[in-house]
Each structure stands twice: as structure tokens, then as C-alpha cells.
Amino acid sequence: MEDPRILTIQDISCVGQCSLTVALPILSACGFETAILPSAVLSTHTAGFTGYTCRDLSDDMPQIAAHWRKEGIRFDAFYTGYLGSTRQIAYVREIFATLGRGRNLRIVDPAMADNGSLYPAFDQAYVEEMKLLCRDADIILPNITEGCFLTGMEYRAQYDRAYVDSLLQALAEEGAKTVVLTGVGYDAATTGVVVYSQGHSDYYPHRRIAQGCHGTGDVYAAAFTGALLRGSSTFDAAKIAADYTVACIEVTQEDPRHWYGVKFEKKLPALLRQLHP
Ligand code: PXL
């Protein structure tokens, strides 16, 4: 059998340890041929830097996809993260529909919101298009805020298990097949991830580190994708990715000057020991 080929579609933030500069090294280290489709090139990410440059590559996306179609290049898995516009989401949906081979697993991180608000670049039209992409996906990885935008449910900073169950149910009603809901914690010391599929959910709680870091969602989603494609169950992949992300945040915190991203490189050897025993 041919080795799986993954396509990851998101921006390149040249500096900032997020999106493609995280996904590509993590998935390559996991042992996969990883193709990229950059949706934009920014000098840095947008969370905390000011005056960054941004070259939108929307016009290039359909041309790149058309070339791949012509060459017969196909993908066994897709993983998408931060996308720049509603138009880009529509291109990604077309890529899902035309460039897969075999059962082609589709993993979508609807990276668009946190702490109750959409990221500044996005609006309701973007949310509506993201709902369609999430319907096309096999697995989505929203946080609670993104889950609320995808379903219209009210965002709450404090919540209980019944609220999380309703959110998962609402996501399933919107067409989500498997949901990996991140950042779920019922007390101040704990956060965790709920994996939901076909009416059944499992919770993996882990230590919450008070001071969040930028880019942890991207580190989590890339490690989850790598672990899943290496053969872990969805729940085990969610756990492996959670433990890896916590370890990355811990090592980042040893260096208080490192405010803009996660030192995911330092813990790659430990992740690989788990995935290639
Ligand atoms: O980590 C998500 C992300 C990716 N890419 C860019 C971002 C962000 C979050 O702010 O700004 C450009």
C-alpha cells in the first residue's frame, strides 16, 4: 500500500509557531508525506503582534488545486486550520470533493474564535461557510466558543456537564460526525477534551495551565491528526495530543520571554517515542 499523503491547508505565519509552521513539522515527524496549501503568508500571526504583513493567496488556491487535479495528485487525508475568508472555505470544500483518494479522512479545526468572541478577521458570513465545511468533515475540533458559533448556542464561561452535552448534541444536529471538543473544564485546575460520536461521549481531563499560550490549538490539532493517522483510536489520539500540548506549554513557561507561541519542537522526541514505540 502507498504511504498516506496528507494535505494541510492553512496560513503561513512566518514567525509565531502556529498554523503551517506547526502542522508541517509535526505531521512530517509523525512519518507522513505532508503537502501544504498556504492560504496566506503573514509576517507573524495576528495575536499580539502589530503591523504584520499579509499576502492573501485566495486567487492561487483554485489554480494550485487545478494543477494537482491535472497531475492526478490525490490525498488520503485533509487537515484544515485557520483560513482567511469565506471564499477560501469554499475552495477547501471543492478540494475535499475532488482531490481525495480512498476514504480520505477530513479533519477540520474551525479555528475562528476563543473566549466567547470571533477573531477580529471574521464575521457571521464566515461562520455560516464554516458550518458547511464542518458538515463535510469526518472530525471537527472546535473549542467551546467555536461550538457556540457553529450552533447558535449561548456562550458561557462557567458551565456544567449538561451544557456540554447540549452543545455536543447541537453540533451533531448541525451535521458534525465526530467532535473533539477542546478546552472543557469543570473546575479551575482542570481542562480537557470531550470526544463525541453517535450520541456517546468520553472525557479526558488534564491539568489546566493558567496562562494560555498562543498556538496551542494548532499544536493540539496537528498532534491529534498525526496520532490518529498512526493508528490510534480517536479518543487515544485526543489524549496523546492533550498530553503533548500540556508538555509543550510547560516547557514554554520556563522562558517568560517566549510570549508569542509554543515551544512544540522541544517535546517532539517524546511525542514520537509514544507514536513509534
Ligand atoms: O493559531 C491560529 C492562527 C493562525 N494563523 C493566524 C492567526 C491565528 C490566531 O490568531 O492570527 C494568522
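Is phenylalanine 122 buried or exposed? Phenylalanine 122 is buried, because its relative accessible area is 8%, and buried means under 20%, exposed over 50% and partly exposed in between (1.4 Å probe, protein chains only).

## Basis of the report

This is a predicted model, in which local features need pLDDT of at least 70 and side-chain atom pairs count only at pLDDT 80 or more, while totals for chains, interfaces and linings use all residues. Residues are numbered from 1 along each chain as its sequence is written, and side-chain values use heavy atoms, with hydrogens and water left out.

## The ligand and its surroundings

Aspartate 11 has a side-chain N or O atom 2.7 Å from a nitrogen atom of the ligand. In the side chain of threonine 46, an N or O atom is 2.5 Å from an oxygen atom of the ligand. A polar side-chain atom of aspartate 218 likewise lies 2.7 Å from a ligand oxygen atom. The ligand, taken alone, exposes 310 Å², and the protein buries 96% of that; such accessible areas come from the Shrake-Rupley method with a 1.4 Å probe.

## Aromatic pairs

The structure holds 13 aromatic pairs. Rings of Phe, Tyr and Trp (its six-membered ring) pair if their centres lie within 6.5 Å; planes under 30 degrees apart count as stacked, over 60 as edge-to-face and the rest as tilted. Tyrosine 82 and phenylalanine 122 form a tilted pair, 5.3 Å centre to centre with 50° between the planes. This pair links distant parts of the chain, 40 residues apart: tyrosine 82 is in the loop between strand 4 (75-80) and helix 3 (86-98), and phenylalanine 122 is in the loop between strand 7 (117-118) and helix 4 (124-136). Helices (H or I, at least four residues) and strands (E, at least two) are DSSP runs, numbered from the N terminus.

Tryptophan 259 and tyrosine 260 form an edge-to-face pair, 5.7 Å centre to centre with 85° between the planes. Tryptophan 259 counts as partly exposed because its relative accessibility is 46%; tyrosine 260 is also partly exposed, with a relative accessible area of 23%. Trp68, Phe75, Phe78 and Phe96 form one aromatic cluster.

Definitions and conventions. Polar contact = N/O pair within 3.5 Å; in protein donor to acceptor, adjacent residues only side chain to side chain.
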